[in-house]
Amino acid sequence: MLKSFRLGGIHPPENKISRGAAIEQLPLPESVVIPISQHIGAPAVAIVAKGDSVVVGQLIAKAGGFVSSNIHSSVSGVVTAVGDFVDASGLRRVGVIIKVEGDTWLEGIDRDSSLNKICDLEPKEIVSKIAAMGIVGMGGATFPTQVKLSIPEGKKAVYLIINGVECEPYLTADHRVMLERAEEMVVGISILAKALGVVRTYIGVENNKPDAIAHISKVIAEYPNIDIIPLKVKYPQGGEKQLIDAVVALEVPSGAIPIEVGAVVQNVGTALAIYEAVQKNKPLIERVVTVTGKKLEKPSNLMVRVGTSIDSLITYCGGLPENSGKVIGGGPMMGRAMCNLSAPVTKGTSGVLIMPSEESLRRSSSVCIKCAKCVGVCPMGLEPYLLYKLADLGRLADTEEHKVTDCIECGSCSFTCPASLPLLDMIKLGKNEVMKIIRTRK
Amino acid sequence: MSSILLFTIITLSTLGVLAAVILYFVAQKFKVYEDPRIDTTEGMLPGANCGGCGFPGCRGFADALVKEDDISALFCPVGGGETMNSIASFLGKSAPEKEPMVAVVRCNGTCDNTPKVNQFDGATSCAVSSTLYGGESGCNYGCLGMGDCVKVCNFGALRINSESGLAEVDEDKCTGCGACIKACPKMVIELRKKGPKSRKVYVSCINKDKGAVARKSCKVACIACSKCVKVCAFDAIKIENNVAYIDYNKCRLCRKCVLECPTNAIVEVNFPPRKVVEPTI
Amino acid sequence: MSNKFIVSPSPHVFGKDTTSKLMRDVLIALLPAFVVTVVIYGMQALVLTGVAVVSCVLFEYLIQKFLLKGSNTINDYSAILTGVLLAFNLPIGIPIWMVVLGSLVSIGIAKMSFGGLGRNPFNPALVGRVFLLLSFPVQMTMFDAPDMVRDALYGATDAMSGATPLAYVKDALKNGCSVSEIMPNISYQNMLLGIKSGSFGEIGALALILGFVYLLVRKVITWHIPLFIVGSMTLFTGALWFFNPEQYMDPIFHILTGGVLLGAIFMATDYVTSPMSKRGMMIYGVGIGVITILIRVWGAYPEGISFAILIMNAVVPILNKYVKPARFGVSK
């Protein structure tokens with residue numbers, strides 16, 4: 001019996017069209033837009049101005065607080081503006097706009113591809129180096145990694161769990177990383193383990209990626225403290241709490257974070273970034289992005305510099321197909337629909353999914369027939385039908401009492417609803433409102 | 001047979017009397033004294049329970065009116081001055097002076113003025129849409145037209161105009177309770193003085209983008225050109241965050257700014273048609 | 001940007017289930033039982049079911065159109081399902097006009113007066129059946145055994161003609177017969193195949209179980225409610241039977257008779273009127289099982305599952321309020 005998390009879960013069609021496409025380097029764009037806020041927490045503070053020349057890997061914005069992240073230039077060239085740009089949601093944000101000239105890298109970055117397994121740094125030095133290099137969680141949440149590695153007083157990290165689940169349909173970026181960059185990734189994992197001082201490290205991979213499981217098993221043979229755990233395919237296994245439940249059978253208490261049960265979860269992409277940051281001095285300036293879609297000419301996995309426009313990714317993969325209805329940043333379950341394709345790729349862009357228009361519109365909704373399917377699939381054991389109703393009525397106190405803040409926004413309820421009710425839309429709204437109230441209480 | 005009948009009648013009657021006596025004494029024992037004026041005051045209030053006064057329902061407000069010595073800060077927007085005056089005279093306190101207010105939707109981003117650049121397909125809720133992204137048009141500030149305000153209005157004073165896609169206020173029904181203002185995630189709605197004969201002049205735009213950007217997304221956006229500020233003789237117009245705002249306490253309804261506005265962002269409502277219509281170029 | 005993109009909150013993909021698909025699946029699951037009924041009772045079963053379905057759909061359409069002035073809802077198959085279930089709960093000899101009246105009560109009173117699909121607190125088909133049972137007790141308990149059943153079951157003795165096995169046993173026990181005297185007249189094998197008298201949809205136990213398997217495979221329902229009903233009945237009657245096998249029938253008899261399978265699989269699991277959480281479903285199932293047996297053994301009616309389901313329907317809102325699903329990360 002393969003392991004999996006216990007409560008709820010769904011099986012959306014996988015559609016991993018781009019699983020066979022090896023990672024390709026996207027040619028350098030003509031200009032990039034690097035947002036100063038690509039992470040959860042305070043925006044970074046820009047330290048370059050219009051007219052400045054920058055090189056690849058140069059720090060251009062400093063972390064604006066404890067929960068924040070450094071931002072580095074992903075190209076070399078001249079800063080043409082530090083100001084407004086329109087992001088993928090049509091909102092105006094602040095970014096550094098750089099015109100690309102050549103490809104000069106900052107001195108000190110080791111661009112040699114040879115594997116460097118030895119890391120002599122102390123745990124504290126590792127964490128500060130990770131902070132300096134602007135590493136954030138690359139599974140999509142973009143939480144600054146150094147914060148996650150700073151274990152609060154009185155707690156101890158026992159397990160390091162590496163998230164290679166990639167349970168989102170369509171996405172294959174992590175899968176390709178595990179196949180092509182496993183050696184470096186595993187060194188990254190061992191560095192992480194050292195920084196945290198954990199007892200055991202597990203790599204959780206769903207068994208729809210047997211090639212990755214086989215490959216990693218070979219690579220980790222020489223690391224006695226790292227195990228790979230094949231998992232039963234079930235969405236949302238990549239959710240932090242679900243993954244911990246699946247791998248070590250521990251339930252993170254409601255309202256707490258994983259360290260409460262001694263676990264730290266990191267994504268495989270983050271592990272690779274950590275390897276490059278610590279061993280090669282390379283900041284987080286590029287990432288693997290899956291560009292996919294049923295009608296797309298050439299579904300691919302691309303290594304893309306942060307700040308490249310999403311347009312150019314799609315053009316590289318054969319252009320926007322006729323009849324495209326929706327473009328999603330991320331996967332189809334939790335990704336954000338985009339309305340502006342000139343927006344840049346950020347540290348958290350794991351995929352660009354193009355959906356044909358016939359699949360883009362939702363079915364019209366009807367009444368709730370109390371089928372209880374949403375309750376059955378909720379991985380957090382909540383009652384989506386009730387939260388939906390309460391949030392819609394604005395009964396926030398009741399919404400809070402029914403644990404809306406535990407919702408991980410995985411979308412299983414909306415996915416499964418036979419009446420096509422916009423369950424998650426309203427639940428998210430209720431959750432936001434409740435979070436606001438909770439914050440004012442403090 | 002008759003004895004059964006008799007027995008039944010006697011038993012039930014005794015039980016009934018007994019219960020009545022017990023209930024009477026319990027009611028006496030647990031009686032809570034309440035100022036009878038609260039009931040009367042509550043009866044004088046409109047009974048909308050809209051919360052526009054800031055109290056939980058009309059009873060809460062009546063309670064406050066009776067208990068507070070100075071009620072000049074308290075006001076029922078629904079009942080208006082008349083109701084407040086009669087309540088004040090009943091309670092022997094001085095009534096607050098307040099002019100009637102009415103909700104105004106400060107957006108003119110109709111489908112023609114503000115072309116849509118994408119299509120929203122989610123729960124019919126302005127709040128959901130506004131937490132998700134910028135909006136269907138290029139303007140991040142305007143009315144979304146999904147009726148969160150309509151839903152909260154207790155008086156049926158709001159509706160979404162299906163042609164323009166914007167919220168509209170029925171001034172005859174609007175009581176100025178302010179529920180819609182709290183419901184609107186874009187803060188498009190504002191309470192303004194109802195004005196003589198409901199006449200009003202206001203800037204129907206709250207787009208805070210710079211002029212060129214605002215204009216690009218909407219034909220009738222305020223571009224903060226300051227022309228209205230210069231033409232106003234009463235110092236009623238101010239520009240803040242790239243958008244003009246007319247102070248309704250200072251505005252004398254001269255309407256000079258309306259003519260001056262290059263983008264027609266300033267609107268006049270309920271005025272008779274102008275006598276001289278000059279041909280515009 | 002050449003074309004207008006669609007923007008919506010996540011998720012962007014959806015499952016294939018729709019309300020009408022689920023209802024259609026339940027209808028498909030009822031097919032085997034329907035076939036058994038038609039084989040045994042012939043055309044009359046077809047006619048009754050047809051009448052019930054047509055009148056249910058018609059009433060829903062008319063009420064929706066002229067009273068509620070709402071959009072047309074008959075496409076969701078729920079009225080058809082109510083019609084079929086109502087018909088399955090009637091004896092074969094019932095006059096047609098009663099079927100129509102039952103449909104009116106089911107749709108008009110039990111369903112549409114609460115606002116239609118999704119809002120009714122009680123199972124519409126059962127309300128219709130119970131209304132008919134209380135209003136026309138004679139016609140509703142005249143179970144004319146078809147020729148085929150008569151031949152197979154009773155042979156020369158005419159002891160049980162017209163009565164359901166449950167009614168027969170209840171009567172016999174009341175008259176002082178012991179179980180061992182009754183047993184020769186009862187054949188479990190025939191019951192499984194549907195050769196017994198009863199409401200015409202409940203007779204084929206195997207066919208109903210086949211439908212149950214189909215519903216489970218299609219994930220239309222979960223196993224909780226049916227199994228907890230049958231399980232609690234087994235335990236309860238088993239205890240009684242163990243205590244005095246001469247006075248009480250064995251569990252198998254109770255489960256195979258009186259519409260228990262039809263009720264447990266198709267009526268108690270009705271989405272709208274059953275609990276939302278798994279724990280709630282378990283309590284609900286046990287409640288139905290226990291009340292059914294209480295009515296059967298000590299009550300006035302020989303069967304009882306209809307009443308049991310309706311009583312537990314009334315408890316569902318309380319179960320939904322107080323019995324919550326197992327939350328993640330909340331200690332129990």
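Student: How many helices and how many strands are there in chain C?

Tutor: This is a predicted model, in which local features need pLDDT of at least 70, side-chain atom pairs count only at pLDDT 80 or more, and totals for chains, interfaces and linings use all residues. Residues are numbered from 1 along each chain as its sequence is written, while chains are lettered from A and ligands numbered from 1 in the order in which they are written. Helices (H or I, at least four residues) and strands (E, at least two) are DSSP runs, numbered from the N terminus. On that basis, chain C has 16 helices and one strand.

Student: Why is chain C said to be as compact as a globular protein of that length?

Tutor: The radius of gyration is taken over C-alpha atoms, and the globule rule is 2.2 Å times the number of residues to the power 0.38. For 332 residues that rule gives 20 Å, and chain C is as compact as a globular protein of that length because its radius of gyration is close to this, at 21 Å.

Student: What percentage of the residues in chain C is buried?

Tutor: A residue is buried if 20 or more other C-beta atoms, placed from the backbone, lie within 10 Å of its own. Of the 332 residues in chain C, the buried ones make up 54%.

Student: Which element gives the most to the side of chain C that touches chain A?

Tutor: Two residues are in contact if their C-beta atoms, placed from the backbone, lie within 7 Å, and 30 residues of chain C are in contact with 53 residues of chain A. Strand E1 (5-7) and helix H1 (19-41) of chain C each supply at least two residues of that side. The most, three residues, comes from E1(C).

Student: How many residues of the side of chain C that touches chain A are charged?

Tutor: Ala, Val, Leu, Ile, Met, Phe, Trp, Tyr, Cys and Pro count as nonpolar, Asp, Glu, Lys and Arg as charged, and the others, Gly among them, as polar. That side of chain C has 17 nonpolar and 11 polar residues, and the number of charged ones is two.

Student: How far apart do the C-alpha centres of domain 1 and domain 2 of chain B lie?

Tutor: Chain B is divided into domain 1 (36-91) and domain 2 (101-269), with bounds that come from an automatic or database domain assignment. Six residues of domain 1 of chain B are in contact with seven residues of domain 2 of chain B. The C-alpha centres of these two domains of chain B are separated by 31 Å.

Terms used:
Buried ≥ 20, exposed ≤ 12 C-beta atoms within 10 Å, placed from the backbone.
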